[in-house]
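Trainee: Could you walk me through this one, a question at a time?

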Amino acid sequence: MPTPNPLSNLDTVSLTPIAYIRSCYPERFGIPRQAGLVASAKAAIVFPNTDLHWHSLRGIESFSHIWVIFLLHGQSFTKFRPLVRPPRLGGNKSMGVYATRSPNRPNQIGLSVVPLDQVEQTSDEILLHIHGGDFLDGTPVLDIKPYVPYADAIPSATSAWADDADPLLPVEWSPEAMASLTSALTRDLQETQQVISEVIAQDPRPGYERRKDGQPGQEWNMRLAGFDIFWKVEAGIATVTKLFPISILNQDPD
């Protein structure tokens, strides 16, 4: 006699976000493909400052790292696909979605482990300061769990075609781009330049473009850390050609 399918009586599952993430990534393009690849990218998990949340977070500061379970919001996918093309494989080979970390999933739930730097309480918010995440700004958080090394770290684990991080793309800055960054910032100059360089070094271009030079005159564009950034790849080197503060671009014309 066949075993009854336990899923047959379940229609949907409701999940309520507990917090959201305030990050330096205002759009999907440029977000690293895994957490931990851009260590200089700072973010915060933001809770309303209520007794419920404050008590729920008691003791979290004792852990160096946390698991963040979140919704992959802001996606453009309209239909779940069982086969995807991982950028690691050049975007030319299909793999089953469950064998990848593609955001195009049947349930758009993400899971990342990040360092916990500090817990801060203000009059309105409770902030878990983190870095090295892969979160779109405004990401809804579903749950947080402490990272426990004795159970979560598995030294003998293998990962098929994803054993090592991709080689980094060398990054240079044009004098024009450096002058624009310097004139726009009175503080955090080095930190902002570092996060921009680290993101571009990951080569966020589509898989079929990675590790290749761009076409003559071709530039890529992304928004990151408050700037609209343009860069190109020539002779195996990425060059930041120009950038503009997003606040200037968003101003209404006179």
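**Strands, helices and one threonine**

Trainee: Which residue in E8 stands opposite Val 68?

Mentor: This is a predicted model, where local features need pLDDT of at least 70, side-chain atom pairs count only at pLDDT 80 or more, and totals for chains, interfaces and linings use all residues. Residues are numbered from 1 along each chain as its sequence is written, and side-chain values use heavy atoms, with hydrogens and water left out. Strand E3 (residues 65-71) and E8 run antiparallel, joined by 5 bridges; two strands pair if DSSP finds at least two bridges between them. Across from Val 68, E8 places Ile 144.

Trainee: And what does E8 pair with over 3 bridges?

Mentor: Residues 139-146 make up E8, and the 3 bridges in the antiparallel sense go to a strand spanning residues 19-22. In that pairing, Val 141 of E8 faces Ala 19. Strands are DSSP runs of E, at least two residues, while helices are runs of H or I, at least four residues, both numbered from the N terminus. So the partner, by that numbering, is strand E1.

Trainee: In what order do the strands of the closed barrel run?

Mentor: Six is the strand count here, as the closed barrel has 6 strands with antiparallel pairing. From one strand to the next, the twist averages 45°, with angles taken from 0 to 180 degrees between N-to-C directions of lines fitted to C-alpha atoms (for helices, over the stretch in contact). The order is E1-E2-E7-E6-E3-E8.

Trainee: Which strands stand at the edges of the open sheet?

Mentor: The open sheet has 4 strands with mixed pairing, in the order E9-E12-E11-E10. Two of them have a single partner strand each, so one side of each is left without a neighbour in the sheet. Those are E9 (171-173) and E10 (220-224).

Trainee: Which residue in E11 is the bridge partner of Met 222?

Mentor: E10 and E11 (residues 227-234) are antiparallel neighbours, paired over 5 bridges. Within E11, Met 222 has as its bridge partner Ile 229.

Trainee: How are H3 and H4 oriented to each other?

Mentor: Their axes are 10 Å apart, at an angle of about 135°. Met 178, Leu 181 and Thr 182 of H3 meet Leu 189, Thr 192 and Gln 193 of H4. Angles under 35 degrees count as roughly parallel, over 145 as roughly antiparallel, 65 to 115 as roughly perpendicular and the rest as oblique. H3 and H4 are therefore oblique.

Trainee: Is Thr 241 buried or exposed?

Mentor: Thr 241 is in strand E12 and touches, among others, Phe 230 and Trp 231. Its relative accessible area is 11%. Buried means under 20%, exposed over 50%, partly exposed in between (1.4 Å probe, protein chains only). So Thr 241 counts as buried.

Methods. Contact = heavy atoms within 4.5 Å. Lists of a residue's contacts leave out its neighbours within four places in sequence.
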